[in-house]
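Biologist: Hi! I'm new to this one, could you walk me through it?
Modeller: Happy to, let's bring it up.

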Amino acid sequence: MSTAVLSIGSNLGDRLAHLQSVVDGMAALGSRIVAVSPVYETDAWGGVEQGAFLNAVLIVEDPACDGHGWLRRGQQLESAADRVREVHWGPRTLDVDIVSCRDGAGELRSEDAELTLPHPFAHQRAFVLVPWLAADAGAELSGAPVAELVARLEEAERAGVRPTHLSLDRQGHRS
(Lines give C-alpha, C1' and ligand atoms only; values in the text may rest on other atoms or scores of the structure.)
Protein backbone atom coordinates (compact mmCIF):
# COMPACT_ATOMS: atom_id res chain seq x y z
CA MET A 1 0.00 0.00 0.00
CA SER A 2 1.31 3.43 -0.95
CA THR A 3 0.11 6.52 0.89
CA ALA A 4 0.85 9.99 -0.43
CA VAL A 5 0.49 13.44 1.04
CA LEU A 6 -0.48 15.86 -1.74
CA SER A 7 -0.33 19.63 -1.39
CA ILE A 8 -2.73 21.25 -3.85
CA GLY A 9 -3.06 24.90 -4.75
CA SER A 10 -4.67 27.27 -7.23
CA ASN A 11 -4.64 31.02 -7.80
CA LEU A 12 -6.19 31.30 -11.28
CA GLY A 13 -9.76 30.77 -12.44
CA ASP A 14 -12.23 28.97 -10.20
CA ARG A 15 -9.68 28.13 -7.52
CA LEU A 16 -12.00 25.98 -5.43
CA ALA A 17 -13.18 23.99 -8.45
CA HIS A 18 -9.57 23.31 -9.42
CA LEU A 19 -8.84 21.95 -5.93
CA GLN A 20 -12.00 19.84 -5.96
CA SER A 21 -10.92 18.41 -9.33
CA VAL A 22 -7.97 16.78 -7.57
CA VAL A 23 -10.18 15.09 -4.98
CA ASP A 24 -12.57 13.92 -7.69
CA GLY A 25 -9.77 12.96 -10.07
CA MET A 26 -7.83 10.94 -7.53
CA ALA A 27 -10.99 9.04 -6.59
CA ALA A 28 -11.79 8.43 -10.26
CA LEU A 29 -8.26 7.06 -10.78
CA GLY A 30 -8.86 4.49 -8.04
CA SER A 31 -7.22 6.21 -5.09
CA ARG A 32 -8.80 6.05 -1.67
CA ILE A 33 -9.15 9.51 -0.14
CA VAL A 34 -7.94 9.08 3.45
CA ALA A 35 -8.16 12.72 4.59
CA VAL A 36 -8.85 16.17 3.19
CA SER A 37 -7.74 19.30 5.00
CA PRO A 38 -9.76 22.46 5.29
CA VAL A 39 -9.14 25.01 2.53
CA TYR A 40 -6.81 27.91 3.35
CA GLU A 41 -6.08 31.14 1.54
CA THR A 42 -2.37 31.74 1.36
CA ASP A 43 0.04 34.37 0.23
CA ALA A 44 2.02 33.49 -2.88
CA TRP A 45 5.43 31.98 -2.16
CA GLY A 46 8.56 32.42 -4.23
CA GLY A 47 8.78 36.14 -4.97
CA VAL A 48 6.56 36.35 -8.08
CA GLU A 49 3.88 39.07 -7.88
CA GLN A 50 0.49 37.32 -8.10
CA GLY A 51 -2.84 36.76 -6.39
CA ALA A 52 -3.47 34.66 -3.31
CA PHE A 53 -3.77 30.90 -3.52
CA LEU A 54 -6.31 28.49 -2.16
CA ASN A 55 -4.44 25.53 -0.69
CA ALA A 56 -5.33 22.21 0.86
CA VAL A 57 -3.73 18.85 1.58
CA LEU A 58 -5.03 15.42 0.61
CA ILE A 59 -3.89 12.11 1.99
CA VAL A 60 -4.48 9.36 -0.54
CA GLU A 61 -3.82 5.62 -0.78
CA ASP A 62 -3.47 3.22 -3.68
CA PRO A 63 -1.74 -0.17 -3.60
CA ALA A 64 -0.78 0.19 -7.28
CA CYS A 65 0.90 3.58 -6.99
CA ASP A 66 4.48 4.51 -6.14
CA GLY A 67 6.05 7.99 -6.00
CA HIS A 68 6.32 8.28 -9.77
CA GLY A 69 2.75 7.05 -10.14
CA TRP A 70 1.53 9.81 -7.82
CA LEU A 71 3.58 12.30 -9.83
CA ARG A 72 1.98 11.14 -13.11
CA ARG A 73 -1.50 11.36 -11.60
CA GLY A 74 -0.82 14.87 -10.29
CA GLN A 75 0.52 16.01 -13.66
CA GLN A 76 -2.48 14.48 -15.42
CA LEU A 77 -4.83 16.48 -13.18
CA GLU A 78 -2.77 19.67 -13.68
CA SER A 79 -2.99 19.18 -17.43
CA ALA A 80 -6.77 18.68 -17.24
CA ALA A 81 -6.93 22.05 -15.43
CA ASP A 82 -4.95 23.67 -18.27
CA ARG A 83 -1.87 24.22 -16.11
CA VAL A 84 0.77 26.27 -17.96
CA ARG A 85 4.39 26.26 -16.80
CA GLU A 86 5.78 29.60 -17.97
CA VAL A 87 7.09 31.29 -14.82
CA HIS A 88 8.77 29.31 -12.02
CA TRP A 89 6.58 29.74 -8.90
CA GLY A 90 4.21 31.83 -11.04
CA PRO A 91 0.42 31.90 -11.11
CA ARG A 92 -1.31 28.63 -11.97
CA THR A 93 -4.68 27.04 -12.31
CA LEU A 94 -3.55 24.00 -10.37
CA ASP A 95 -0.45 22.78 -8.60
CA VAL A 96 -0.24 19.24 -7.25
CA ASP A 97 2.90 18.52 -5.23
CA ILE A 98 3.81 15.18 -3.71
CA VAL A 99 5.02 16.14 -0.25
CA SER A 100 5.65 12.68 1.13
CA CYS A 101 5.00 9.11 0.14
CA ARG A 102 5.02 6.03 2.35
CA ASP A 103 4.78 2.33 1.77
CA GLY A 104 4.82 -0.57 4.22
CA ALA A 105 8.56 -0.08 4.77
CA GLY A 106 8.33 3.62 5.66
CA GLU A 107 8.88 6.95 3.96
CA LEU A 108 9.94 6.66 0.33
CA ARG A 109 12.96 8.63 -0.84
CA SER A 110 13.72 9.74 -4.38
CA GLU A 111 16.36 12.10 -5.71
CA ASP A 112 16.03 11.61 -9.44
CA ALA A 113 15.55 14.40 -11.99
CA GLU A 114 11.75 14.03 -12.04
CA LEU A 115 10.89 13.52 -8.39
CA THR A 116 12.45 14.45 -5.07
CA LEU A 117 10.86 12.77 -2.06
CA PRO A 118 10.15 13.94 0.48
CA HIS A 119 9.51 17.37 -1.04
CA PRO A 120 12.72 19.33 -0.42
CA PHE A 121 11.02 22.55 0.76
CA ALA A 122 7.95 21.20 2.57
CA HIS A 123 9.46 21.78 6.01
CA GLN A 124 9.75 25.53 5.20
CA ARG A 125 6.27 26.10 3.81
CA ALA A 126 3.40 26.91 6.12
CA PHE A 127 0.95 26.54 3.21
CA VAL A 128 1.89 22.85 3.17
CA LEU A 129 2.42 22.14 6.85
CA VAL A 130 -0.61 23.92 8.34
CA PRO A 131 -3.18 22.12 6.14
CA TRP A 132 -1.31 18.82 6.56
CA LEU A 133 -1.45 19.14 10.33
CA ALA A 134 -5.20 19.87 10.08
CA ALA A 135 -5.68 16.70 8.02
CA ASP A 136 -3.48 14.53 10.25
CA ALA A 137 -2.59 15.76 13.74
CA GLY A 138 0.04 13.02 14.09
CA ALA A 139 1.76 13.66 10.76
CA GLU A 140 5.53 13.32 10.45
CA LEU A 141 7.94 14.46 7.78
CA SER A 142 11.27 12.61 7.74
CA GLY A 143 10.78 11.62 11.38
CA ALA A 144 9.93 15.13 12.60
CA PRO A 145 6.42 15.82 13.86
CA VAL A 146 4.70 18.29 11.53
CA ALA A 147 3.40 20.15 14.61
CA GLU A 148 7.02 20.86 15.61
CA LEU A 149 7.90 21.96 12.07
CA VAL A 150 4.97 24.41 12.11
CA ALA A 151 6.06 25.77 15.49
CA ARG A 152 9.58 26.43 14.13
CA LEU A 153 8.31 28.61 11.28
CA GLU A 154 8.45 32.38 11.62
CA GLU A 155 5.20 33.97 12.72
CA ALA A 156 4.94 35.91 9.45
CA GLU A 157 5.09 32.63 7.49
CA ARG A 158 2.33 31.06 9.61
CA ALA A 159 0.22 34.25 9.41
CA GLY A 160 0.21 33.96 5.61
CA VAL A 161 -2.00 30.85 5.89
CA ARG A 162 -5.55 31.94 6.63
CA PRO A 163 -8.55 29.66 7.28
CA THR A 164 -11.54 30.04 4.96
CA HIS A 165 -15.17 28.95 5.14
CA LEU A 166 -14.52 26.80 2.03
CA SER A 167 -14.19 23.04 2.04
CA LEU A 168 -13.60 20.14 -0.31
CA ASP A 169 -15.86 17.14 -0.33
CA ARG A 170 -14.38 13.66 -0.35
CA GLN A 171 -17.58 12.49 -2.07
CA GLY A 172 -17.41 14.91 -5.00
CA HIS A 173 -19.44 17.89 -3.82
CA ARG A 174 -17.92 21.18 -2.77
CA SER A 175 -19.30 23.63 -0.21
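Modeller: Helices (H or I, at least four residues) and strands (E, at least two) are DSSP runs, numbered from the N terminus. This is a predicted model, where local features need pLDDT of at least 70, side-chain atom pairs count only at pLDDT 80 or more, and totals for chains, interfaces and linings use all residues. Residues are numbered from 1 along each chain as its sequence is written, and side-chain values use heavy atoms, with hydrogens and water left out.

Biologist: Thanks! How many residues of strand β5 are buried?
Modeller: Seven of the nine residues in β5, which covers residues 95–103, are buried, so this strand is mostly covered.

Biologist: Which strands does β5 pair with?
Modeller: Two strands count as paired if DSSP finds at least two bridges between them. β5 pairs with β1 (residues 2–10) in the antiparallel sense over seven bridges, and I8 stands opposite V96 there. β5 also pairs with β6 (residues 106–107), again antiparallel, over two bridges.

Biologist: What joins β5 to β6?
Modeller: A hairpin does, through two residues. D103 has G106 in β6 as its bridge partner.

Biologist: And β4, how many of its residues are buried?
Modeller: 10 of the 10 residues of β4 are buried, so β4 is largely enclosed by the rest of the structure. On one side you find F53, N55, V57, I59 and E61, and on the other L54, A56, L58, V60 and D62, with both faces covered.

Biologist: Which strands run alongside β4?
Modeller: β1 is joined to β4 by nine bridges, running antiparallel, and G9 stands opposite N55 in that pairing. β2 and β4 also run antiparallel, joined by four bridges, with L58 in β4 as the bridge partner of V36. β3 pairs with β4 in the antiparallel sense over three bridges, and T42 stands opposite F53.

Biologist: L58 came up there. What is L58 in contact with?
Modeller: Contact here means heavy atoms within 4.5 Å. Setting aside neighbours within four places in sequence, L58 touches A4, V5, L6, I8, V22, V23, A35 and V36.

Biologist: Which residues have the most contacts inside the largest nonpolar core?
Modeller: First, the term: a nonpolar core is a set of buried Ala, Val, Leu, Ile, Met, Phe, Trp, Tyr and Cys residues joined through side-chain atoms within 4.5 Å. The largest has 28 residues, and those with the most contacts inside it are I8, V22, M26, L58, V60, W70 and L168. At least two residues of this core come from each of β1, α1, β2, β4, α2 (67–80) and β5. α1 gives the most, with five residues. Apart from this core lies another, of 21 residues, including A122, V146, L149 and V161.

Biologist: Let's look at α1, then. Which of its residues are buried?
Modeller: They are L16, H18, L19, Q20, V22, V23, G25 and M26. These buried residues pack against β1, β2, β4, α2 and β5.

Biologist: Which residue forms a salt bridge with R15?
Modeller: E41 does, with the closest N and O atoms 3.3 Å apart. The pair links distant parts of the chain, since R15 is in helix α1 (residues 15–28) and E41 in strand β3 (residues 40–42), 26 residues apart. R15 is partly exposed at 22% relative accessible area, and E41 is partly exposed at 26%.

Biologist: What about R162?
Modeller: R162 forms a salt bridge with E41 too, the closest N and O atoms being 3.9 Å apart. R162 lies in β11 (residues 161–163) and E41 in β3, so the pair ties together parts 121 residues apart in sequence. Salt bridges that share partners join R15, E41, D43 and R162 into one network.

Biologist: And R32, buried or partly exposed?
Modeller: R32 is partly exposed, with a relative accessible area of 46%, whereas E61 is buried at 18%. The side chains of R32 and E61 meet in a salt bridge of 3.0 Å, N to O.

Conventions. Salt bridge = Lys/Arg side-chain N within 4 Å of Asp/Glu carboxyl O. Buried < 20%, exposed > 50% of the residue type's maximum accessible area, 1.4 Å probe, protein only.
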